[in-house]
Structure formats: C-alpha cells, structure tokens
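The sequence and the structure are shown first, and the description follows.

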Amino acid sequence: MPDNSLAGDQHTAPVAAVAQAEAGPPPGKPRSLWSDAWNDLRRKPSFIIAGAMILILLIIAAFPGLFTSVSPRASDLSGAYLKSPELTKFFSPEWLGYDSQGRSIYARVIYGTRASIVIGISVTAIVLFVGGLVGMIAGYFGGWVDAVVSRIVDTFMGIPFLLGAMVILVSFDVRGKMVITLALAVLGWTTIARVMRGSVISVKQADYVQAARSLGAGTWRILLRHVLPNAMAPVIVVAMIALGGYISAEATLSYLGIGLADPAMSWGSDINTGKDQIRVALHVLIFPSIMLSATILAFLMMGDAVRDALDPKLR
Amino acid sequence: MTEKGIDLVKDETASTPGTPLLDVRDLQVEFHTREGVAKAVNGVSYSVEAGETLAVLGESGSGKSVTAQAIMGILDMPPGRIAGGEILFQGQDLLKMTEAQRRKVRGNKIAMIFQDALSSLNPVLSVGFQLGEMFRVHKGASRKEAKARAIELMDRVRIPAAKERVNDYPHQFSGGMRQRIMIAMALALEPDLIIADEPTTALDVTVQAQVMDLLAELQQEYRMGLILITHDLGVVADVADRIAVMYAGRIVERGDVREIYREPAHPYTRGLLDSIPRLDQKGSELYAIRGLPPTLTALPAGCSFSPRCDRATELCVTERPLPVTVTDAEGAPIAGRTSACHFWKETLHG
Amino acid sequence: MAESTREPILEVRNLVKHFPLTQGIVFQRQVGAVRAVDDISFELYPGETLGIVGESGCGKSTVAKLLMSLERPTSGEIFYKGEDISRLSGRALKAVRRNIQMVFQDPYTSLNPRMTVGDIIGEPFEIHPEVAPKGDREAKVRELLDVVGLNPEYINRYPHQFSGGQRQRIGIARGLALNPEIIICDEPVSALDVSVQAQVINLMEKLQDEFGLSYLFIAHDLSIVRHISDRVGVMYLGKMVEIGSDSAIYDHPTHPYTQALLSAVPLPDPDAREGRERIILTGDVPSPANPPSGCRFRTRCWKAQDRCSEELPVLAVPQRFADADTAVAHESACHFAEEKPHVAHA
C-alpha cells in the first residue's frame, strides 16, 4: 500500500478542503476537476509546447497565405530544379529548397498542412460522435444491446486499419479529403466506442448514478448529466492520441498513392515525390517528413499531458 | 527539533533495563504537495518493548500510518521526506542505514501487516510460492523446503487443509483467510517486531475477532513487539497494553490502556471515547467533537486541537502544549503517561 | 417508539431477490443464482428507526436497493401505505420515489464530481418540478444546506472541496429535498472518522425528530445500530434470523448468530476483556450461491443438530418464550433458541 500517504488516505479532508463545517469565510474560488486539470496543464512544459505547436498548425491550415506569398504549384523547372535549401533565408520561398518540379518546398509544406489537420480533426470528430454514442449506449444499457454492439466492434477491430483503408479507397475513382475522412472514420470509430463503453460501465455503477435513479431521473438526464460528463475524460485523451494516428494514416495513404494526389497537397504525397531523389536531394523528402512527425508528436504530447492532468490517481 | 518529548520517552524506558526494541525519537515526516508542505508527522516519539502491544490510535490524517511507513522504510519519497528524528531499532538508527542494511531488517526483523490483504498479495503467484519466497530470498531455502515451510506456516495460522490449498491463488481465499496469509507472511522469518496497520478494518466482525485472537496469540508465543495502528477504540481496548493517541501528526496522549480509557488526560482522547456509541447500553445523544481536523499544510500555531476543543483558551491558541508527565491525585507521576494539553489536570480530574 | 397498533408505513412481505449466474456472451444460459435476499418480511412504522445488521454478503444492501426500486424483486411484495410498490414503473414509480429516499454509504462516490453542491441538492426539484417552483429552488437549496449544518454560501462549490463528513451532509440534504417520509440509510457513517460519525448520527437523529422521518438504518456496526434504532433485525445469508426491540436483540438475544456477532464486537473498555463470553465462530460465511440446507447458520453453529439441516427454522417468537413478559419474547429463527448471558455485556 504505497499510496497510503496523504493523497491516498481516502478519508482525509482534501488538503484544500473547506476548513470548517459551519463557519469561516469560503476561501478560494470554486474549482472543478477540469479547472484543476487546467491548472495542472498550464504549468506543464510539454503541454505548453504541444499547445503552441498545435495553435501554429491550426493557423497555418486556416491561412496558409499568411506564411508564404508563392503558390505551392508555381513551378520553375529551368531555374529551380532540385535547388538546395538556403537555410538562412527564413520564410522565403527558397528557404527549404525546391523539388523536382521546381516548386518551393516551403510553400508546399505550408499548404500541405491543411489536408493533414482537416482530415485529422474531421475523422476525430466523426469518430468521437459515432463511437461515443455507440459506446455509451452499449455500456449503459448492457445486456443484449451490449452483446450485439460489442461483437460488431470486435469485427471492425479485426480489420487491419491501414489495409482496410486501402481496400476502401481503391474502390473510389476520385479520392478527396471527404472520402479519406470517411474511410478512416469507418475503421476508427471502434476504438472510441470501446473506450467509451468501458468508461460508461464504470461510471454507471457509481453511487451518484444510483442516487439520480432513486430520485426518479429519466434515462436521458442520467446519461447526459451524470454519465457522460464523468465518462468523457479517458475518451478525450484517447481521441487526442488517435488524432495523431489519423494524420499519420492519411500521410501513409497519400504516400502510397491511394490518398490525396496532385493537384491536392499532402505531406504524404510530397514525401513520395521526394523518395525518388533521396540520394541527390534529401531535402525534398526531409522537410515534409519533419513537419509530419512534428505534427503527430504535438498531438501525442497533448494527449499525454491531458491524460496525466485528468488521471484521478494523481489527484 | 520541535518536540521536547524525548526526555520523557527516556524516563519511560528507564524502568526497564537495556534499550527498548524500537525507539522512535522526534520523528518528522513531510509531504510536498501542490498546496505546500504538509507536516504529516511532527515530532513523534514512542517505544515498544519485546512482547508488548502498543496501539497507535488516531483518525485518518493523524500520521499514524505514515509513522509506520517511515519505520518500515516504505515511505514514498518523494513526495514524502523524513525531515528529522531517529528510529532506533535494537539500538541502531534505521535512518542512518544503507538501503542494503535496511532490506535485511525489513521482513527479517520487522514485518508489516496491511489492511488490504488482497492488494498486498501478488494475484498471479500462488500463496504457497509467495510464502516460500521469504525463505528462499532470506534463508536460501530450496524450492521443496520452502514449500514445506509454507504449508507449516499456513497450518500455524490455522488455514484449514493447508496442504491442499498451498497452490491456490489469493483470490481463491476469503478475506479472513487472506489476512491470515498476510500474518503468516509477516511471521515467516520470526521477526522481533510486527507493525499491523488496520489489520482487521476490512473484515467482518466475527472474522475480525478470529484474526485478532490469532495475532495476539502468536505475538505472545514468539515474544514479538506489536505496533497496532488503528482507529477502532474497541480493538485497542481488547488487545493493547499501552496506547499512543495521535492527532494532526503529534502524539497528544500516551500511557497504559486501562488508565487512559478510565481517565483520559487529553480533551481529544476524552472526546473520542465519548463520541462512540456503546453496544452494552443505550445512550442518549452522542458527544460530537465539533469541526474538522486541521489541514496539515496550515497547522495552527498553538495546540492543533484548540479550534475543536471545548476547553481551549487564549493560551491554547498561542502556545503549543508539550507533553508532560501526568500525575495522579496525590501528585505522584504515573510512569509512562503523558499528555500534551495545558489543561490535562482539569481534563483528568474534572 | 415502535407502536405495533399503528399501521406500518412500509411493509415487506416474503421478499426474494436472486441474481442469476449466467454463462455465454450472446446466448446466455442460467447456471445458478446468488440468493442475495431469500424470503424476508418486516415492517417499518412511522417515525421509527429499524436497524438492519449483518456481515458482508448477508443481503442487507440488496434490501436497500429493492426498497428503492433500484433492483426488481424476484418475488414478494413491498407495501408503502398499503400499496404494493414493488412492480410499479414510470409515472407511478416516480411519484412513490418522492416519499422514499436514500442516503448512500460512500460520500466520495455518491455525489457527482462534475456538479456543484447547488446542482446536486437542486436536482430533485428539477426531476419533480411540482415540489418547488423554479424561482424558489435556490432558496430551498440554501435552506437545506442550513438544515444539515453547512454554510449556504457553499452552494457553488464542488464535492471534492468538502471533507467526508461534509459530503455526507450534502447527501443527506439531497435525500431530504423532496420531503420524504422514509429514508433508507445504507451504511451512512461507515466511511467516516469516529469523531465525524458522531456529528452525522446526531444530525440524523435531529432531522428525524424535526421532520418525523422513518429510517431504515442498514449497517454492520452493531454499536451504532443500537444507538440509533428502535428495533433491530439481524440478517445472515439472505435471511432475517432475529428481529425485535433494541433491548430484545442486544440484551436478550436468543439466536446463536446474533449472540456470536455481539460477543465478537470489541468493547471500548479494557476492563471488559475478562468476564465477557467470547464466541469465536469458526470458518467463513458460505457462498450465497450455494447456501446450506435447512438453517443457513448451521455450518458455523455450535448447537447444530440433524434437525437444523432438514428443517428451515421460521422467524417467529419461540414457543418457550411466548409467555415471557420481558424482551426475550421476540422473533428468532432458531430451533434451539435460548438466552445466553454476557455476550454484549461484561
């Protein structure tokens, strides 16, 4: 029982608890678990770094024109074919060099951000909604509903993620952001459903849910006011980590040539272009790769930081 | 050094020749928390003799378990930190030992029994293996020998059909049986001191009686010192020789169990005794100590109990009472009896 | 206080709850049943406290859940003021719930951590809007906080800012919100420190007097049950083995299990170590999935004979005590019921 210290001692008044039952001015402002988590996060370097990175990525995705004046499609084959980067010329078109079609890699990296971010966020949103709903229903109602849903989830989990996405995408002639998003969402919702189901099962046994039932609360009130807010934390953490995974999946599919392709912009397809000149012009490959890794890392770090902050065992 | 109680401990032990088995002196433990430094143990001194049962009585947050963890050397550090004091075991300071030396003491000389036997036993190893491990690690016994000793021990703590059950896993035993296994494990190497932290709190009352009886009997047989950490005034009255009452990280009163139950010399002890309903008589309204224990990050300057005490005066708020030897009605000091209250006399005799 | 001439406010008749043990995932089949509550009957009178004691697994918490309609009984009836409420649902059930409320054991899990104290205590009014019009609700919540001894200014705080005792007061305030007649208390103080237990017990007694509440007080701590109860029932393995006034159970117990239970409770009195008879039971409580035949207690009973395994003893006043005019004349489910001195007393 290593945690039988102050924090582990269940009956100890929380160190910051209100001092007296009857008297005394209420010290401090009201706090909730989320505001506690926020206080924790604010002081965490990994959260600050990840947050800043994600913020910048979001701005780039929304307004790429703010960061570069050249078009990512403008090609100058004669003058700029595989031109090396000029690393001192920050934010200029020639900063990160040019690719085999004489296009500015810097501009392409900037304009490629949108695809990754949009697909990552849309897949996560769909998956959260669908998986969350299915998981909640299965977890809360249990019985045969749960048995049926769980078998469906198991079936989907049996499909290898990337292979499944490839099979789906190959059957489409035109593969835009929408199609890729849907393909990833179809295969991805089960993860969230599973986490949500487990989380709901543990929450629904809590005494406060029983208390609400014994007050006569209806199913929807119990689900929305008592179960969902308490079951969300692990789901959000998993979703944030999954977001990085969806971005990486999109890049992988585009790299393989079954995701986004010219003229659409994607780091994955740019990495694919770069691989052919890997011996003569490494920079064509390296900069989209760095950007991709940094983006995935940012979301993973964010998910990790949020998990630590929400982990009730550390409270 | 905030507590001047050391001298008092010394004259308490002076009556018996030689050094006590365990002598905790002015122990201080802090925890570094988000809200600041929590002084969980704030100058605690107590001693235990061989064959004696000392009950450390206190509510949650009183520091009774933290003291035990410091003695065992299983305190989580950080966030915990031993800020001062000595823990003399057979005359040697445990806090000055190397980790290797301490490991030898732990289990071999001092053993601990926890409240929650299920989480203290490894769920994927059989009970017999875990019991036998003690002999293999500390005594270098062979596998076969270890198993034989494990069965012997299970018999010793009266687990029925020990031979057949030696290969069972912890979850296959009932709560009471698991606690017996914990006791067997603690006894395995015949330690000189056992620390039992709420050993029966999780058990039903009829099982609790079985386990307490067993523990007391084995303690007598092996002449071990026993530190019983509990909040249960009934269990204390049943088995303890002496008690130390803890409140907010300090010992507020100590002495012979009968004397303290008959005539408490600290308002907190008195309040506790008055606040529990009795099985053998139907009382009227219970006495309730008002308010809550202080937060350990912001202990009051004076007596920690003063905000809840009916007897508190200006003196109690400003000046912290040190433990003093309690005297009887004729003014003769009572051996081993101290109270950390400015008004112990009034509490005792009034 | 138990005036048997009065009509009971709650009457439980032959209540049974078996939890099926199933195998298989999609196609489940029953392989047995945990007999959590097995044919128990009792009454609760207006304004009284009926204590239910027993060790873990005896079914006392299941009784609470059945009375709260959180579980459906396998068979048997629960009459509230003469109406069987055990099979109600929907609107009718919701109406009954106003009158029967519950205080939970663990003050750390019984309050939704994401809701403020005001929302927690105010939720009953949202569910039953007819009790308090919208404009009055905050005032009502403040009043309730005051009634349970908490500062009404704390209305916007979250549960984790309070200590265990304070949280239990919040739980009690929620239970009181709808002005119920009956409160089911499932181990309401067992998670609290000794000094705080007394505060909460005193509060509950005060509220009972003030609002004329009837309590069903379920606990494993026999001393606390004696303190608060007018009558006490003792449960063992899903059965009620003995029931009577507090003096009947504590001063004149006639069922061997009650005697063993009482004798095992350590008294907070070192001088009582001697002179008190300790009955140390051997073995553990059998599994409720496979209880012994006949008397459930016979496997651990020192008086057990062949008859005990063949014939289930009924809960009734034993013949030999039927004419006694002391508290010994109370219901006890034992073939060999007799008094045994010095189990609770020194």
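## Chain A

In chain A, buried residues account for 42% of the 315 residues. The model described here is a predicted one.

Chain A contains eleven helices and zero strands. Read from the N terminus, the elements of chain A follow the order α-α-α-α-α-α-α-α-α-α-α. When contacts in chain A between residues at least 6 apart in sequence are considered, 69% of them join residues at least 24 apart.

## A helix pair in chain B

Two packed helices are described by the angle between their axes and the distance between the axes. In chain B, helix α5 (residues 127–139) and helix α8 (residues 175–187) have axes that come within 9 Å and cross at roughly 20°. Angles under 35 degrees count as roughly parallel, and α5(B) is therefore roughly parallel to α8(B). The crossing in which α5(B) passes α8(B) is right-handed.

On the side of α5(B), the contact is made by B:V127, B:Q130, B:L131 and B:M134. On the side of α8(B), the contributing residues are B:I181, B:A184 and B:M185. Sorted by class, the contact of α5(B) with α8(B) comprises six nonpolar residues, one polar residue and no charged residues.

## A buried residue in chain B

Strand β10 of chain B, which spans residues 250–256, includes B:I251. A residue is buried if 20 or more other C-beta atoms lie within 10 Å of its own; B:I251 counts as buried because it has 32 C-beta neighbours inside 10 Å.

Apart from its neighbours within four places in sequence, B:I251 is in contact with B:V44, B:Y46, B:A244, B:V245, B:M246 and B:P323. Between B:I251 and B:G302 there are 51 residues in sequence and 15 Å in space, taken from C-alpha to C-alpha.

## The sheet of chain C

In chain C, seven strands form an open sheet with mixed pairing, and their order is β6-β7-β8-β3-β9-β10-β11. The edge strands are β6 (100–103) and β11 (331–332) of chain C, each of which pairs on one side only.

Strand β3 (residues 49–53) of chain C pairs with strand β9 (residues 231–236) of chain C in the parallel sense, over four bridges. C:L50 has C:R231 as its bridge partner in β9(C).

Key. Residues are numbered from 1 along each chain as its sequence is written. Chains are lettered from A and ligands numbered from 1 in the order in which they are written. This is a predicted model: local features need pLDDT of at least 70, side-chain atom pairs count only at pLDDT 80 or more; totals for chains, interfaces and linings use all residues. Two strands pair if DSSP finds at least two bridges between them. Helices (H or I, at least four residues) and strands (E, at least two) are DSSP runs, numbered from the N terminus. Axes are lines fitted to C-alpha atoms, for helices over the stretch in contact, and angles run from 0 to 180 degrees between N-to-C directions. Angles under 35 degrees count as roughly parallel, over 145 as roughly antiparallel, 65 to 115 as roughly perpendicular and the rest as oblique. A crossing is left-handed if the near helix is turned anticlockwise from the far one by less than a right angle, and right-handed if clockwise. Two residues are in contact if their C-beta atoms, placed from the backbone, lie within 7 Å. Ala, Val, Leu, Ile, Met, Phe, Trp, Tyr, Cys and Pro count as nonpolar, Asp, Glu, Lys and Arg as charged, and the others, Gly among them, as polar. A residue is buried if 20 or more other C-beta atoms lie within 10 Å of its own, exposed if 12 or fewer, and partly exposed in between; C-beta atoms are placed from the backbone.
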